[in-house]
Every structure is written in structure tokens, then in C-alpha cells.
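Please consult the sequence and the structure shown below while reading.

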Amino acid sequence: AEIREALAGMQLGRGELAAAEQNYQQALRLNPASAGARFGYASLLAGTGRFPDAERQIDAALRADPSLAEAQEMRARLYARTGDWRRAIAPSRAALAANYNYGLAAL
């Protein structure tokens, strides 16, 4: 699962979206509780405009690891994207609590 997740992350970085999606899905089949794979997959989904699917993956990532600052920050951005600024505050604070130096959450 970790190898598939790492490969998907590299593919995502290179813009190989279809291959990255397949590897994230395979990583999650092997380890459904992987917060990192769910966060990476959510990043891919949000980047391709599939926001409801991205939200589901972020919710699953946060169930697996509520202290994952990057996932908390993405949850805040997904709320902010719809104009729900009040709901964006709590995950932003949670991201900062998990990692005080996480600058994106402070913004």
C-alpha cells in the first residue's frame, strides 16, 4: 500500500492523473485506513473538480488521523470554496493545533 501511495504521489506531481488515481485506489484497497493515501487521493479529486468525492476522502482521512494538519487544512479550503467560512474556522484551528507552523491553515 505504501509503495502504491508513493508512486501515486509522484505521478500526481508529474500530472499523470489517470495513473495516479489508479494507484491511490489500489493503495486504499490494500489499506483503507491510510490517512496519507486518502489525503493524496482527495488532492487529486479536488484538483480535477470532483469536490464531493474529495470531501468524502478528506472525511475518511480525518477519521483515520484527526491530527493530519494537511487534511484539516484541505477540509477548511473545501468549506471555504462553497462560501461556508464559519465551518472553515474549526478545521483551520485543528490544523494549526496539529502543526503550529502550518502556514496555509493560518491564512
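Leu45 belongs to helix α3, residues 35-47. Helices are DSSP runs of H or I with at least four residues, numbered from the N terminus.

Leaving aside residues up to four places away in sequence, Leu45 touches Glu21, Arg50, Asp53, Ala54 and Gln57, where contact means heavy atoms within 4.5 Å. Although Leu45 and Gln57 are twelve residues apart in sequence, their C-alpha atoms are 8.8 Å apart in space.

## Basis of the model

The model is predicted: local features need pLDDT of at least 70, side-chain atom pairs count only at pLDDT 80 or more, and totals for chains, interfaces and linings use all residues. Residues are numbered from 1 along each chain as its sequence is written, and side-chain values use heavy atoms, with hydrogens and water left out.

## Two residues of helix α1

Gln11 is located in helix α1, residues 2-14. Its relative accessible area is 8%, so Gln11 is buried. Not counting residues up to four places away in sequence, Gln11 is in contact with Glu16, Ala19, Ala20 and Asn23.

Gly13 also has its place in helix α1. Is Gly13 buried or exposed? Gly13 counts as exposed because its relative accessibility is 70%. From C-alpha to C-alpha, Gly13 is 9.8 Å from Leu44, and the two are 31 residues apart in sequence.

## The packing of α4 and α5

Two packed helices are described by the angle between their axes and the distance between the axes. The axes of helix α4 (residues 51-64) and helix α5 (residues 69-81) come within 10 Å and cross at roughly 145 degrees. Such axes are lines fitted to C-alpha atoms over the stretch in contact, and angles run from 0 to 180 degrees between N-to-C directions.

On the α4 side, the contact is made by Phe51, Ala54, Glu55, Ile58, Asp59, Ala61 and Leu62; on the α5 side, by Ala71, Gln72, Met74, Arg75, Leu78 and Arg81.

## Charges over rings

The charged end of Arg81 sits over the ring of Phe51, 3.6 Å from its centre. For Arg75, the charged end sits over the ring of Tyr79, 4.4 Å from its centre. This description requires NZ of Lys or CZ of Arg within 6 Å of the ring centre and within 35 degrees of the ring normal.

Key:
Buried means under 20% relative accessible area, exposed over 50%, partly exposed in between (1.4 Å probe, protein chains only).
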